[in-house]
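Welcome, and please load the model in your viewer. We will go from one selection to the next and see what is there.

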Amino acid sequence: MGKVLIIGAGGVSNVVVHKCCQNPDVFSEICLASRTLAKCEAIKNSLPPAKTIVRTAQVDADNVAELTALINDFQPVMVINVALPYQDLSIMEACLATGVHYLDTANYEPPDVPKFEYKWQWAYHDRFVRAGIMALLGSGFDPGVTSVFCAHALKHHFDSIETIDILDANAGDHGYPFATNFNPEINIREITAKGSYYEDGQWIETEPLAVKRTYDFPEIGVKDIYLLHHEELESLALNIPGVRRIRFWMTFSEKYLTHLRVLENVGMTSIEPILFEGRPIVPLHFLKAVLPDPASLGPRTKGKTNIGCIFRGIKDGRPKTYYVYNVCDHEAAYAEVGSQAISYTTGVPAMIGAMLMMKGIWMKPGVHNIETFDPDPFMDALNRHGLPWQESFAPVLLD
Ligand code: NDP
């Protein structure tokens with residue numbers, strides 16, 4: 001049906017490319033472009049035989065002129081941005097310059113400020129409307145599927161939603177003493193930041209990892225969960241009318257947190273450059289270089305993820321609770337596409353979001369968060385493309 005340009009060649013990109021190639025009727029041709037051409041080639045060479053034509057290119061996605069030239073040359077219908085959050089704005093600029101649609105899985109974060117917010121990308125809305133093109137923000141798992149779960153709950157299960165708890169559990173074991181499941185820099189910046197949640201129209205800040213509970217997850221068991229700030233909270237607080245409280249929780253093992261504490265205490269998680277042997281280096285960049293590459297965790301990781309949302313609200317005048325979640329198996333994901341479940345759970349929704357845009361099912365000019373669209377075709381596609389969801393009407397609630 002059409003051509004897509006996929007930018008970035010990491011763990012998530014590997015999944016997106018594989019899943020697009022499983023759907024050649026929608027994705028007839030792919031250009032996979034990233035900073036390091038060899039990584040694009042490696043993904044291309046790992047693909048099973050498919051009808052989709054795949055070509056590769058080298059591009060610096062911080063450089064709008066380079067991106068614009070690549071888009072003009074390849075003429076895609078849309079760009080799937082699975083590089084890093086730092087590249088969001090330059091890629092959106094290039095989409096505006098060339099009139100092609102845009103999709104990403106993580107919101108913009110300035111490289112020198114550890115603060116992710118939608119304001120920079122939302123500021124592009126009018127320009128996208130005028131250009132007649134669409135940007136779909138946050139089409140990964142969280143944000144992404146969790147946001148669609150909220151739209152689904154509102155459409156089918158509640159007249160009004162009072163509270164939302166988003167629970168992200170990873171019970172995978174890769175056998176290393178310490179490694180991050182996706183880009184270490186993004187991951188560590190996220191969890192060493194202050195926590196926050198939305199309640200009664202206000203943002204309440206907490207010290208990093210200061211709020212802890214335990215939860216007994218379906219298919220995974222009892223895990224420690226910690227309250228974090230997470231980007232979908234910002235848009236959901238606006239887009240789920242009347243919601244009183246939204247919180248985000250993630251599992252961390254005691255071993256993981258002990259390593260993290262030590263690394264923090266010795267200054268290794270800092271993004272402030274220091275002078276080392278005469279040249280400035282960012283400690284967190286150095287740490288990333290010595291940690292296992294997330295892509296290398298795939299063949300070693302066993303166990304499952306469980307990510308979902310627990311809702312409390314009102315239906316037909318009566319209180320109601322609802323839990324919708326997906327369980328993804330690391331080894332099954334690896335066997336299918338050569339990436340573990342963290343990349344899989346992000347890459348599949350990116351492909352689904354792109355598919356709905358390519359088919360015109362989700363298409364409106366402007367910059368839009370994913371929960372503003374009809375959730376039904378996306379929920380249906382999750383079941384058909386590897387991330388089936390399950391539901392419970394009597395979940396244990398978090399206090
Ligand atoms: P990786 O670090 O594995 O891959 C990032 C890729 O982007 C690398 O190939 C990297 O190139 C490339 N890249 C970085 N800078 C540039 C640049 N200037 N120009 C061109 N290419 C560049 O990350 P992941 O695959 O794990 O994550 C991809 C995205 O998905 C991130 O934005 C992440 O935040 C997001 N994500 C979203 C989740 C969700 O649920 N919503 C969950 C997990 C991730 P090189 O190889 O040369 O370094």
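Leaving aside neighbours within four places in sequence, which residues is Ser343 in contact with? Select Ser343 and you will find Gly11, Val12 and Val15, where contact means heavy atoms within 4.5 Å.

Before moving on, note that this is a predicted model, in which local features need pLDDT of at least 70 and side-chain atom pairs count only at pLDDT 80 or more, while totals for chains, interfaces and linings use all residues. Residues are numbered from 1 along each chain as its sequence is written, and side-chain values use heavy atoms, leaving out hydrogens and water.

Stay with Ser343 and colour helix 13, residues 341-358, which holds this serine. Helices here are DSSP runs (H or I, at least four residues), numbered from the N terminus. Ser343 has a relative accessible area of 8%, so it is buried (under 20% relative accessible area, with a 1.4 Å probe and protein chains only).

Next, select Val12 in helix 1, residues 11-21. Val12 and Ser343 are 331 residues apart in sequence, yet their C-alpha atoms are 4.6 Å apart in space. Besides Ser343, Val12 is in contact with Val82, Thr346 and Gly347, again leaving aside neighbours within four places in sequence.

Methods: Helices (H or I, at least four residues) and strands (E, at least two) are DSSP runs, numbered from the N terminus. Buried means under 20% relative accessible area, exposed over 50%, partly exposed in between (1.4 Å probe, protein chains only).
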